[in-house]
Every structure is written in structure tokens, then in C-alpha cells.
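The following note sets out points for a colleague to consider while viewing the model. Please read each point against the sequence and the coordinates.

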Amino acid sequence: MHAISWSGYSIVRQLVDGRGTGNTGAMPHDRQALQAGWKRTRAHLDAALAHLAHLPGVDLSTTTEFLEHNELGLAFDCLVDLGDDLGLPLRFWQHMDRAARDMRLYSDVLHSPHLTAADTCLRHLAVASEQE
């Protein structure tokens with residue numbers, strides 16, 4: 001069996017131990033936990049989105065479309081991209097941080113030459129925390 005490693009995380013392990021979406025025989029409790037996690041993550045993304053809703057000239061259509069289709073990872077990436085240059089408050093980045101933690105997006109290698117959206121979120125969280 002092949003193990004696909006991404007940022008030190010084994011995809012096969014995730015699928016084999018029943019926590020991945022590839023296990024179609026998952027117990028109902030696992031599905032309930034997964035749905036609860038999605039709701040929690042969605043709430044954090046919606047709260048972060050609220051910080052952008054009042055800003056003029058910000059196009060949220062792609063982000064809201066991803067949220068409507070439960071594409072939380074893609075919505076997260078969009079929100080980080082939108083927030084990257086806007087100087088948003090600590091509260092925005094705290095919601096994004098909680099969403100990233102819920103989705104387990106933080107990489108083990110923060111010194112990687114390619115920053116992920118989660119790493120960008122973590123950097124902005126640190127900066128915004130220092131400014132508070």
C-alpha cells in the first residue's frame with residue numbers, strides 16, 4: 001500500500017484508520033463528529049467573512065460560493081488571500097486560526113520555501129497579536 005505524504009502527514013493512514021473521507025463504511029458516530037467539525041469550521045469562516053463584508057471593493061462571490069458548496073478548504077484559502085493585504089484585526093485572524101486548526105492545515109515545516117495559506121494565516125495572527 002502506498003503512503004502519500006504531504007507536509008509529513010500520511011494520507012493512507014488517514015484513510016485506513018477511518019478518519020478520512022475514503023472510508024465509506026465509517027460508523028455513524030464518526031459522521032456525526034465530522035459534521036460537527038464542519039459546522040464548527042464553517043462558523044469560524046463565516047465569522048471571518050463578516051470582517052470583510054463591510055469593506056468596499058472586496059469581491060466575496062468566490063468565497064461565498066465555496067462556502068455554499070461546503071468547500072471549506074478553498075473558502076479558507078480565499079479568505080486568507082483576501083485578508084493578506086488588508087490589515088485586518090486580530091479577531092479576523094483568530095477565526096482563521098481556529099478554522100485552520102479544525103481542518104488541521106498547519107504544516108510541520110514552517111520554514112518551507114512555499115508558504116501555504118495556513119502558514120500565511122499563522123504569520124498574520126502573530127503580527128496582529130503583537131499590535132493588540
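**Notes on the predicted model**

1. The protein has 6 helices and 2 strands, where helices (H or I, at least four residues) and strands (E, at least two) are DSSP runs numbered from the N terminus. Along the sequence, the elements follow the pattern β-β-α-α-α-α-α-α.

2. This is a predicted model, in which local features need pLDDT of at least 70 and side-chain atom pairs count only at pLDDT 80 or more, while totals for chains, interfaces and linings use all residues. Residues are numbered from 1 along each chain as its sequence is written, and side-chain values use heavy atoms, with hydrogens and water left out.

3. Of the 132 residues of the protein, 30% count as buried; buried means under 20% relative accessible area, exposed over 50%, and partly exposed in between (1.4 Å probe, protein chains only). Among contacts (heavy atoms within 4.5 Å) with a separation of 6 or more, 57% join residues 24 or more positions apart.

4. The largest nonpolar core contains 23 residues. Such a core is a set of buried Ala, Val, Leu, Ile, Met, Phe, Trp, Tyr and Cys residues joined through side-chain atoms within 4.5 Å. L45, F76, L79, V80, F92, W93 and M96 have the most contacts inside this core. At least two of its residues come from each of α2 (28–53), α4 (72–83), α5 (90–103) and α6 (117–131), and α5 supplies the largest share, 6 residues. In soluble globular proteins, nonpolar side chains tend to be buried together.

5. Helix α4 has 12 residues, and its end C-alpha atoms are 16 Å apart, which agrees with the 16 Å that it should span at 1.5 Å a residue; the expected span is 1.5 Å times one less than the number of residues. Its buried residues are L72, A75, F76, C78, L79, V80 and G83. Apart from neighbours within four places in sequence, L79 is in contact with L45, A48, L49, L52, T63, F92 and M96.

6. Helix α5 has 14 residues and reaches 20 Å from its first C-alpha to its last, close to the 20 Å expected at 1.5 Å a residue. L90, F92, W93, H95, M96, D97, A99 and A100 are its buried residues. Just after α5, R104 takes a positive phi of about 55 degrees.

7. Which residues does H95 touch, not counting those up to four places away in sequence? They are H44, A47, A48 and H51. H95 is placed in α5 and counts as buried because its relative accessibility is 11%. H44 lies in α2 and, at 16% relative accessibility, also counts as buried. Leaving aside neighbours within four places in sequence, H44 is in contact with H95, R98, A99 and D102.

8. The second largest pocket holds about 160 Å³ of space. On a 1 Å grid over the protein atoms alone, a pocket is an open set of points where a 1.4 Å probe fits, with protein on both sides within 12 Å along at least five of seven lines, and lining residues have an atom within 4 Å of a point. Grid points are joined across faces, edges and corners, and the volume is the space filled by probe spheres set on the points.

9. This pocket is lined by 13 residues, of which G87, L88, V127, A128 and Q131 lie nearest its centre. The elements giving two or more lining residues are α5 and α6, and α6 gives the most, with 5 residues. The lining divides into 6 nonpolar, 4 polar and 3 charged residues; Ala, Val, Leu, Ile, Met, Phe, Trp, Tyr, Cys and Pro count as nonpolar, Asp, Glu, Lys and Arg as charged, and the others, Gly among them, as polar.
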